[in-house]
Amino acid sequence: IAVLVGDAGTGKTTVVHAALQSQRAQRSFTVYLNNPSLTRAEFVEFLASGFGLSAEAATSKTRCLAELTDALAARHRSGMTTALIIDEAHCVPDTLLEEIRLLANIESATEKLLSIVLVGQPELLGAVCRVVVEQGGYRMAWVGYADDNLERSITPKAWAGVEDATIFGLKLSWADTERGQATMSRAIRSGDFYTVNGSKIF
C-alpha cells in the first residue's frame, strides 16, 4: 500500500490523473475511486463493477473476493499490473480502511497481485496507524517524515498505540552518524524493509 498525503489544494488529484494518463499506466489496469464514503456493501458493489466481476459478486463479499483473486491472477500472468487508487481516502471509515488493507493481502506464491494507493489529507496517516494497531495486532504504529535539513531529522507526524507519547521524547535522525544508526534510520537511507522483534520498519 502506498500513501500520497498533502493538504487540501496541493495538487494530489492532479498528480494522480497525470499518472493515470502516463505511458506506463497504459500497460496497467487501474480502478479509481474518488468518493470513498461507502458502506462495506457499497464498497463490494464498487469493486465488482470496477474490476468487471459478475452480478453475483456485487452482492456477496465471498464471491467478490474469489472472482477478484482469479481476475488479478489472470492479469498478472499476462504481464499486466493492477491497481486500486482511492482519492479523498481521509474520508474512509476505519472499518472500510481495514477491508482495503486486507485486499493488499491478495497474492500469488511470489508477490502481491494488487497495488493500492491511498490519496488524502494528513489525517489519513493517523487513520492508517490506528488500523495497523487495532487490526494488525501491533502495539504501536507511527509515521515520521525524513527532513531534508542539516541534521537529517525525523519528525513524527502520526501515531497510534500504547507507547505513542514516547516518540516525542526522542531525537531521531536518518543521517549516517552515531545518532542515526537506529533501524528506522537505516530503513530510510536504504529504502529496505526491516523486521525487529516482530515489528516491521519501512
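The model is predicted, so local features are reported only at a pLDDT of at least 70 and side-chain atom pairs only at pLDDT 80 or more, while totals for chains, interfaces and linings use all residues. Residues are numbered from 1 along each chain as its sequence is written, and side-chain values use heavy atoms, with hydrogens and water left out.

## Overall architecture

The protein chain contains six helices and eight strands. Helices (H or I, at least four residues) and strands (E, at least two) are DSSP runs, numbered from the N terminus. Read from the N terminus, the order of elements is β-α-β-α-α-β-α-β-α-β-β-α-β-β. The radius of gyration of the chain is 19 Å, close to the 17 Å that the globule rule gives for 202 residues, so the chain is as compact as a globular protein of that length. Here the radius is taken over C-alpha atoms, and the globule rule is 2.2 Å times the number of residues to the power 0.38. Along the principal axes, the C-alpha atoms fill a box of roughly 55 × 40 × 40 Å.

Of the 202 residues, 33% are buried. A residue is called buried under 20% relative accessible area, exposed over 50%, and partly exposed in between (1.4 Å probe, protein chains only). A contact means heavy atoms within 4.5 Å. Among contacts between residues at least 6 apart in sequence, 51% join residues at least 24 apart.

## The sheet and its helices

Four strands make up an open, parallel sheet in the order β1-β4-β3-β2. Strands β1 (2-5) and β2 (28-33) stand at the edges with a single partner strand each, so one side of each lacks a neighbour in the sheet. From one strand to the next, the twist averages 15 degrees. Two strands are taken to pair if DSSP finds at least two bridges between them. Strand β3 (residues 81-86) and strand β4 (residues 115-120) pair in the parallel sense over four bridges. In this pairing, A83 stands opposite S115 in β4.

Two helices lie across the strands. Helix α2 (residues 40-50) lies across β2 and β3, at about 150 degrees to β2. Axes are lines fitted to C-alpha atoms, for helices over the stretch in contact, and angles run from 0 to 180 degrees between N-to-C directions.

The buried residues of α2 are F43, V44, F46, L47 and A48. Their cover includes β2, α3, β3 and α4. Just after α2, G52 takes a positive phi of about 70 degrees.

## Cysteines

A disulfide is a covalent bond between the sulfur atoms of two cysteines. The cut-off used here is a pair of cysteine sulfur atoms within 2.5 Å, and a search of the whole structure finds zero disulfides. The sulfur of C129 is 18 Å from the closest cysteine sulfur, in C91, which is too far for a bond. C129 is buried, with a relative accessible area of 2%. C64 is also buried, at 1% relative accessible area.

## Salt bridges

Side chains of opposite charge can pair when their charged atoms come close. A salt bridge is counted when a side-chain nitrogen of Lys or Arg lies within 4 Å of a carboxyl oxygen of Asp or Glu. The structure holds seven salt bridges, including those in the table.

| Pair | Distance, N to O |
|---|---|
| E67 and R63 | 2.7 Å |
| E98 and R101 | 2.7 Å |
| K112 and E107 | 3.2 Å |

E67 and R63 both lie in helix α3 (residues 61-77), four residues apart, about one turn of the helix. E67 counts as buried at 18% relative accessibility, whereas R63 is partly exposed at 38%.

E98 and R101 both belong to helix α4 (residues 94-103) and are three residues apart, about one turn of the helix. An α-helix has 3.6 residues a turn, so residues three or four places apart point the same way. E98 is buried at 9% relative accessibility, and R101 is partly exposed at 23%.

K112 is partly exposed at 45% relative accessibility, and E107 is partly exposed with a relative accessible area of 45%. Salt bridges that share partners join R40, K61 and E99 into one network.
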